[in-house]
Amino acid sequence: MTATTQDHDDLAYNVFAKACPSRGTLEHVTGRWGGLTLGALYEGSLRFNELRRRVDGVSEKMLSQTLHALERDGLVHREAQATNPPRVDYELTPLGHRVAERLLALIHCVEGAMDDVLAARARYDETRGAL
């Protein structure tokens, strides 16, 4: 067993174990809309429609479901103000901020590597045929 495997086995939670609750949170964070939502909220609080415009392509239903899941996991805080019309703001919790910081590092890595990715796709498609 390697040191990395040993260290991982000593953790209270193990995302590789089928029944581990961390697996669900990882899915919420790394899912298509979860990662984009966390990244969008990194710079500060946004209202629902501002967030929906920022996360281009997400439906109202999917954004609502994503926000509920992230709020339940303690990553997003929902602040409802009793105004007319009602105002609801979303912001990252301290935990959400830590997670989003790491996600943004991954996002920036992927964005910075897109020339290489696109070249690799082109080589792949040339040798195996476009899908």
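Start by selecting L41: leaving aside residues up to four places away in sequence, L41 touches L46, L51, V76, Y90, E91 and L92. Touching, or contact, means heavy atoms within 4.5 Å.

A quick word on what you're looking at. This is a predicted model, where local features need pLDDT of at least 70, side-chain atom pairs count only at pLDDT 80 or more, and totals for chains, interfaces and linings use all residues. Numbering runs from 1 along each chain as its sequence is written, and side-chain values use heavy atoms, with hydrogens and water left out.

Which members of the largest nonpolar core touch the most others? Of its 20 residues, they are L38, L41, L51, L67, V76 and Y90. The largest share, four residues, comes from α3. Here, a nonpolar core is a set of buried Ala, Val, Leu, Ile, Met, Phe, Trp, Tyr and Cys residues joined through side-chain atoms within 4.5 Å; buried is under 20% relative accessible area with a 1.4 Å probe, protein chains only. Helices (H or I, at least four residues) and strands (E, at least two) are DSSP runs, numbered from the N terminus.

(Axes are lines fitted to C-alpha atoms, for helices over the stretch in contact, and angles run from 0 to 180 degrees between N-to-C directions; 65 to 115 degrees counts as roughly perpendicular.) To see who meets whom, show G35, L38 and G39 in α3 against V99, A100, L103 and L104 in α6.

Now over to the sheet. Three strands form an open sheet in the order β1-β3-β2, with antiparallel pairing. β1 (46–47) and β2 (76–81) stand at the edges with a single partner strand each, so one side of each has no neighbour in the sheet. Strands pair if DSSP finds at least two bridges between them.

Zoom in on β2 and β3: six bridges join them, and a hairpin links the two through five residues. Pick A80 and you'll find V88 as its bridge partner in β3, while V76 stands opposite L92.

Last stop: bring α3 back. α3 lies across β1, β2 and β3, running at about 95° to β3.

Technical notes:
Buried < 20%, exposed > 50% of the residue type's maximum accessible area, 1.4 Å probe, protein only.
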